[in-house]
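This briefing concerns side-chain pairing, chain contacts and strand pairing. Please read it alongside the sequence and the model shown here.

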2 protein chains.
Amino acid sequence: MPIMTESKMSAADEIAKQLTEAIHEHRLQPGAKLREDEICDIFGVSRTLVRQALRSLEFEGLLTIQKNRGAFVAKPSLKEAREVFQARSLIEPSIARMAAERSKSEDIQELEKHIKREHAALDQGEAGLALKLSGDFHLKIAEIADQETLEQFLRQLISRSSLVIALYWRRRNALCESNAHHDLITAIGERDADSAEEFMKSHLLDIYSQLDLQERDGGFTSLRDALRQ
Amino acid sequence: MPIMTESKMSAADEIAKQLTEAIHEHRLQPGAKLREDEICDIFGVSRTLVRQALRSLEFEGLLTIQKNRGAFVAKPSLKEAREVFQARSLIEPSIARMAAERSKSEDIQELEKHIKREHAALDQGEAGLALKLSGDFHLKIAEIADQETLEQFLRQLISRSSLVIALYWRRRNALCESNAHHDLITAIGERDADSAEEFMKSHLLDIYSQLDLQERDGGFTSLRDALRQ
DNA sequence: TAATCAGTGATTGTATACGATCCAGCACAC
DNA sequence: GTGTGCTGGATCGTATACAATCACTGATTA
């Protein structure tokens, strides 16, 4: 049982982290139920800690906890899906700008390492992992910008983006990463703040345009789910 | 013992809400310790629920929880203080714009009611309450803009702003509200998106400029606090 | 056959109990 | 007098126990 692989974290944080990863990588689909006892068995801890972890994921918007019913992987509505990407379009270009203004050479190296891992995952057909890494890439830029507050918010937005993509992505397997990330690295590396901002803006618009965010009735896996409010 | 004054909330949420209010109104100062047992006595519940509440306030950035040491009202650093207002300057003008585009007449009435309560609180010398209401005013605008995701983030930013003001406000008692809020209402009521955006921008800049965010050595109440990282 | 209702098992919500950690005060040595 | 090590009490972290709630099954009836 791999508990406390990272020493400084509380056990609850470790559970939260692993659950988060599973959701980001789409190993847990929106709507999936997370029973407390099951998670207790898996991690070998009591419900106390599991509930703490679930609650923290609820805060990040990854889970919906219904009283006396349990925790479910969240299913963002169309409105929320649009809001998430509107919010990202609002803050990420500025973040990219700041990152470009403050980047050091080792930052660029890290970004490039990151992009390599992304491509490797794509080549091996691990779409879920690639998606998670793509999110991490955006977070890494916020880190370079040295904006902890915005980074924290962006973390939530990216978490939700992952759910949005699981629900509304048009072409299931083709996560055509284009070379948007590469362009971003270049601009940031050259301290070209204007270009970095612009690339980020169009990159997000590109993702957004590949989502199917039209109003529609169905898409539910079962009638029961459809009627659960 | 006033538990569960609002029926739909869980007890933990109610505790969190009341603690949040106390911090927003500066009845609890940054650095204050919140002992679990004490809160248990006050609300008449077990530590289980109190800990849930404390944890949720930690997520909002209002508390810092140190392992085996307890929960303390957060003391934002200078960097964090700046970041909070930078973030607000980034998103709130856009929120004001959207609010102006979508406002209905009843929204304006609500905002005006709000501003009246603010002035009333100021007149009665309840600076803490006035500050909290001022934050609520900004949140109300996000609500009118119908942007739940940004609203949620703004809620956190305003929470932290309250702490920042407690720590770094120059003129302790003079919360010179000027007529910035009034100007905002006018612009939003007239659907003047450009003005709303502009007023919000300068309003935030105005607040920011009244903070004392210069680098300094002291300001610590004790060496102990100074060294606690 | 379809609908309703009661009972039962499963699951979550809350309280309590126990063990671990930390801090303050005091004794003691230097 | 100052610094160091120990001990008791306070406080927190985690596990367990019990209560409340919900969902499902199956019997009953129209």
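R97(A) is partly exposed, with a relative accessible area of 25%; buried means under 20%, exposed over 50% and partly exposed in between, for a 1.4 Å probe and protein chains only. The model is predicted, so local features need pLDDT of at least 70 and side-chain atom pairs count only at pLDDT 80 or more, whereas totals for chains, interfaces and linings use all residues. Residues are numbered from 1 along each chain as its sequence is written, chains are lettered from A and ligands numbered from 1 in the order in which they are written, and side-chain values use heavy atoms, with hydrogens and water left out.

- Over all chains the count is 34 salt bridges, a salt bridge being a side-chain nitrogen of Lys or Arg within 4 Å of a carboxyl oxygen of Asp or Glu.
- Side chains of opposite charge can pair when their charged atoms come close.
- R88(A) pairs with E92(A) in a salt bridge, and their closest N and O atoms are 2.6 Å apart.
- Both R88(A) and E92(A) belong to helix 4 (residues 78-102) of chain A and lie 4 residues apart, about one turn of the helix; helices (H or I, at least four residues) and strands (E, at least two) are DSSP runs, numbered from the N terminus.
- R88(A) and E92(A) are both buried.
- A salt bridge also links R97(A) to D194(A), with 2.4 Å between the closest N and O atoms.
- Because D194(A) lies in helix 9 (residues 193-209) of chain A and R97(A) in helix 4 of chain A, this pair ties together parts that are 97 residues apart in sequence.
- D194(A) is exposed, its relative accessible area being 52%.
- Through shared partners, salt bridges join K79(A), E83(A), D146(B) and E148(B) into one network.

**Salt bridges between the chains**

- R55(A) and D13(B) form a salt bridge in which the closest N and O atoms are 3.5 Å apart.
- That pair crosses from helix 3 (residues 47-59) of chain A, which holds R55(A), to helix 1 (residues 11-24) of chain B, which holds D13(B).
- R55(A) counts as buried at 18% relative accessibility, whereas D13(B) is partly exposed at 33%.
- K79(A) and E148(B) meet through their side chains in a salt bridge of 3.4 Å, N to O.
- Between chain A and chain B the count is 6 salt bridges.

**Interface of chain A and chain B**

- In contact are 27 residues of chain A and 27 residues of chain B, where contact means heavy atoms within 4.5 Å.
- The two chains bury about 2300 Å² between them, with 49% of it on carbon and sulfur atoms; buried area is the accessible area (1.4 Å probe) that two parts lose on being put together, summed over both.
- Of the area that chain A buries against chain B, 24% comes from R55(A), L90(A) and T149(A), more than from any other three residues.
- Between chain A and chain B, 16 residue pairs are in polar contact, both residues being at pLDDT 80 or more; a polar contact is a pair of N or O atoms within 3.5 Å, where within protein one must be able to donate a hydrogen and the other to accept it, and residues adjacent in sequence count only if both atoms are side-chain atoms.
- On the side of chain A that touches chain B, the elements giving two or more residues are helix 1 (11-24), helix 3, helix 4 and helix 7 (148-168) of chain A.
- Helix 4 of chain A gives the most to that side, with 9 residues.
- By class, the side of chain A that touches chain B has 9 nonpolar, 9 polar and 9 charged residues; Ala, Val, Leu, Ile, Met, Phe, Trp, Tyr, Cys and Pro count as nonpolar, Asp, Glu, Lys and Arg as charged, and the others, Gly among them, as polar.

**Sheet of chain B**

- Chain B has an open sheet of 3 strands in the order 1-3-2, with antiparallel pairing; two strands pair if DSSP finds at least two bridges between them.
- Strand 1 (33-34) and strand 2 (63-66) of chain B stand at the edges with a single partner strand each, so one side of each has no neighbour in the sheet.
- Strand 1 of chain B runs antiparallel to strand 3 (residues 70-73) of chain B, and 2 bridges join them; L34(B) stands opposite A71(B).
- Strand 2 and strand 3 of chain B pair in the antiparallel sense over 4 bridges, and L63(B) stands opposite V73(B).
- Strand 2 and strand 3 of chain B form a hairpin with 3 residues between them, and N68(B) in the turn has a positive phi of about 65°.

**Surroundings of E25(B)**

- E25(B) is placed in the loop between helix 1 and strand 1 of chain B and is buried, with a relative accessible area of 16%.
- The side chains of E25(B) and R27(B) make a polar contact of 2.5 Å.
- Not counting residues up to four places away in sequence, E25(B) touches G128(B), L129(B) and K132(B).
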